[in-house]
Structure formats: structure tokens, C-alpha cells
Amino acid sequence: MPDAARPRPWLVLAICCMSLLIVSLDNTILNVALPAIRRDLDTSVSGLQWTVDAYTLLLASLLMLSGSTADRIGRRRVFRIGLVVFTGASLLCSLAPGLGWLIAARMLQAVGGSMLNPVAMSIISNTFTDSRQRARAIGVWSGVVGISMAAGPIIGGALVESAGWRAIFWINVPIGLAALFLTGRYVPESRAARTRRVDPVGQLLVVVLLAALTCAIIESPERGWTSPLVLGCTAAALGALLGLLWYEPRRTDPLIDLRFFRSAPFSGATVIAVAAFAGLGGFLFVSSLYLQDVRGLDPLHAGLFMLPMAVMSLLTAPLSGRMVATRGPRTPLLLAGTALTASAVLQAIGYSEHLPTGLLVLAFLLFGTGFGLVNAPITNTAVSGMPRSQAGVAAAVASTSRQVGQSLGVAVTGALMAGAAQADPAAFTGAARAAWWIIAGCGAAVLVTGTLTSGRWARATAERTAQRLAAEGAAEGTGKTKETVDA
């Protein structure tokens, strides 16, 4: 093996974190630019929702396929393809002449993005085989989200102010190219010992479920819940869900291995990921519109206003990783749920166009604390105890849950704000209070689910699930978990 290609765990982690940075940075920067996009492209709130959700929906739909494909044909190979597609699509986003073109380019970004984060997490989980080192590595990984949240609003605000909203997509290009070069030089190729077959039916059902559900939520304020489109989307989503529950257990290599959900911690991590990221999606969507459209701040100052939230997320993410490594996931989950709930309740009670700055900053600090604490236990629980041969799929389930949550958060809060966003400030803040109560519910879901799925009973279900998976894998001839590494 050439010297440059020898595995260097912390360098591999740094390279993988670069992919997380461009994906996370893209989301936070975009939220700051939403008011500018609405003015320049003359679009409605639903148009803004689709700008965000077209990306997150397709990303969520493809994550598990990308994870299993990477396990099959090579993680480094898929990771590099993802970097090329994401970087190229970012350039196309900056050139979009209208809303439809922007949404299409965002969907292409999602195709590339689906090959980055879950595959990178699979690379990390196979690079750091010691559980304590892996927990610390995941803490660093989670901290990158905090970095993107801290840098994104400020960088995005400065770019929008100086060069327009199109400039927000340029920053992905140099980072993506650097990550592409370093991946080819320093990240070793790895794949699962046993390849998993493609599940086209399951993949189609996932796409229909997520797209139909989100479409029904986004379009319902304008068309009404009894419109043929909304009713049809609701029926399609329900049918796809029932189809998944019936079809997937009957496959040898399902897209979604429902056996994973016998583990209470794994199921809890999935629910917590949906709830926490639904809260994040709603928080960013409502706060960006509020700071610029109600309080009259320019994009740069709006970004600076959200800095306390981002800084706390940056500081608490690695702390959460250390807590998971030394004490398990329970403590950071309970603290995260409490902080997220308190932040949203503060805003739900006192929200107005003249909300005191100190109270708003306190709410942002609490939200950043909760969000920073929640990521490490989600990821660690998702990949710990699962067969290494399915590390990509397990990591992809956690990543999918995050994206599904963010899509639903934007869809639901955007639906509440659809009529009020272009009305007077009083109407806006009235609708926003309802959105903050929903976000508070997301925080409460993190708290309750974290309590129920991190105790002794939950750990016992995880142990039984691991034993069953091993036994069933051995019976099917899939008990081998040895990874292959190419020079």
C-alpha cells in the first residue's frame, strides 16, 4: 500500500467532515437567502418551501440506496461520485434563471448529497473500530454541524448583501474540489464482504411516501385539505407506507431492514432524529423570515442574530460526543430535549414584532445547546451494535430520519405561515406562535423518547436484536462481517 494511501484515522475523519460541511453549510446559508430569493424570483412561501424540501426530500429518498450501494461497490468510489455531482450542481444552482430551474438544480444537488454523509459515516465507523474512539470521532463529526451553523448565516448574509443570493452556492465549489482530491489520495477503499441486492420496489415506495406526504402538507393551505391533489397525495402516502410494511420484510435484502427496529435505542434514535430536525427546519425557516421581514434586518445582521444559536451548537456537539463515550447517550438526550423545548416555549409565549432582544438571544442559545447535544447520541446509537457489513445502511437510516424531519419541519411551519408571511407583522407573529408550539412539541418528543429508549430495558432489546441479527445472518450465510480494504 503506498504511503499516501495508508489509513490515517483522523485525516480520514477530517476529509469526511468536509463533505458534511458543504452539505450543512448549504442548508444554513440557503435559509438566510430565502427572502432575497423570494424577491428576486417573485415566488410565494410555498415556492420557498419547495426550494428547501425538493432537496431534502430527494436526499432522504436516496440515502439508504446510496448507503447500500456504497457497501456493495465501494465507499470511496461512491463518495467521490457524490462530491463531483454535488459540486457541479452547486454551480448550476447559482446559474438558475427561475424558480423551476433552481428547484431542479437543488434536486441534482440532493443526488450528490445522498452519496456523501451516510457514506462518510460508514467510512468513519469502519475506520474507528474502538467504541470510545468512534464516539469521540462522531462528536467531532457532529461539531462540524455546529461550525456550519455558526459560519453559514454570517457567510450567507455577507454573500447575499455583497453579491446576491446566487453567490451562496459558490462556496461549495472549492471545498468540494479539495475533498475530492484528498479522498482519492488518503481515503482507503472499503466495502462489505457480502453485497446487498438493489431493492427498486422499496426505493420507489420510499420516494412516493415522502414526496406525497410533503406535497399534501405544502399544498393544503392554498388548495384546501379536500382538494383532489391533496387527497390523492394523502392516499398515495398511506398506500406507500402500507406497501413498505408489507413488502420489505419479505425481501432477503430489503432497502429498509425492519429488523433493526427491534432495538429500542435504534428506533428511539430514528424518532429523535425526525423530531430534532423537524424542530431545526421549522426554527431556521421561521427565524429567517421573522428577522428580515418583521424586524427589518438585512441578511448579514440576520445571520449575526442567529450566531448565539450556532456557537452553542458548535461548543456542545463535541461535549456531547465525550458524554456518549463515557456515560452513554441518556444524559445528552435529556439535556437536549429540555433545552429545545424551553427555547420554543419561550418564543411561543412571548413572540411579537417587538420581542425583547435579550429574550430572543436566550431562546437562540437554548436551541443551539439542545441541537448540539442531540446529534452525537443519534449517530452513535444508529451505528453501534449493528453488523459492520450493514454500516452504510444503518447510518443511512439515521441520515434519512434527519432529512425527513427537516422536510416535515419546513412543510408544516411553512403551511402555517403561508398566508401570514406576506401580511402585516401582527398576522405573521400570530401564525409563528403556533409554529413555535409545534417546535416545542418536537423538543418534548426528544425528551420523552430519549428517556424511554436509553435505559436498562432499552439496552436489553438492543442486545437481543444484535444476537438475533447475528443468528439470522448466520442462518442465511451472511454472518461474515469482515471488511475488505483495497490498497
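Which residues does Val374 touch, not counting residues up to four places away in sequence? The close-ups below start there, after a word on the model.

This is a predicted model, in which local features need pLDDT of at least 70 and side-chain atom pairs count only at pLDDT 80 or more, while totals for chains, interfaces and linings use all residues. Residues are numbered from 1 along each chain as its sequence is written, and side-chain values use heavy atoms, with hydrogens and water left out.

**View 1. Val374 and its neighbours in the largest nonpolar core.** Val374 touches Ile272, Ala276, Leu333, Ala336 and Val446, where a contact is heavy atoms within 4.5 Å. The largest nonpolar core has 64 residues, and Val374 is among those with the most contacts inside it, along with Trp165 and Trp436. Helix H10 (residues 264–294) gives this core its largest share, 14 residues. Apart from it lies another core, of 38 residues, including Val23, Leu63, Ala70 and Val144. A nonpolar core here is a set of buried Ala, Val, Leu, Ile, Met, Phe, Trp, Tyr and Cys residues joined through side-chain atoms within 4.5 Å. Buried means under 20% relative accessible area, exposed over 50%, and partly exposed in between (1.4 Å probe, protein chains only).

**View 2. Helices H1 and H4 side by side.** Helices (H or I, at least four residues) and strands (E, at least two) are DSSP runs, numbered from the N terminus. The axes of H1 (residues 9–41) and H4 (residues 99–113) come within 12 Å and cross at roughly 165°. That makes H1 roughly antiparallel to H4. Axes are lines fitted to C-alpha atoms, for helices over the stretch in contact, with angles from 0 to 180 degrees between N-to-C directions; under 35 degrees counts as roughly parallel, over 145 as roughly antiparallel, 65 to 115 as roughly perpendicular and the rest as oblique. On the H1 side, look for Asp26, Asn27, Leu30, Ile37 and Leu41, which meet Leu99, Leu102, Arg106 and Gln109 in H4.

**View 3. Cys17 without a disulfide partner.** A disulfide is a pair of cysteine sulfur atoms within 2.5 Å, and by this rule the count comes to zero. For Cys17, the nearest cysteine sulfur is that of Cys16, 7.1 Å away. Cys17 counts as buried, at 9% relative accessibility. Cys442 is buried too, at 14%.

**View 4. Gln203 in helix H8.** Helix H8 (residues 200–223) holds Gln203, which counts as buried at 10% relative accessibility. Leaving aside neighbours within four places in sequence, Gln203 is in contact with Ser61, Leu62, Leu65 and Leu255.

**View 5. Val397 in helix H15.** Val397 sits in H15 (residues 391–417) and is buried, with a relative accessible area of 6%. Beyond its neighbours within four places in sequence, Val397 is in contact with Met64, Phe261, Phe266 and Thr270. Take Thr270: 127 residues separate it from Val397 in sequence, yet they are 7.5 Å apart in space, C-alpha to C-alpha.

**View 6. Glu189 in strand S1.** Glu189 lies in S1 (residues 189–191) and is buried, with a relative accessible area of 6%. Glu189 and Ile73 are 116 residues apart in sequence and 9.6 Å apart in space, C-alpha to C-alpha.

**Zooming out.** The protein has 17 helices and two strands. Of its 487 residues, 59% count as buried.
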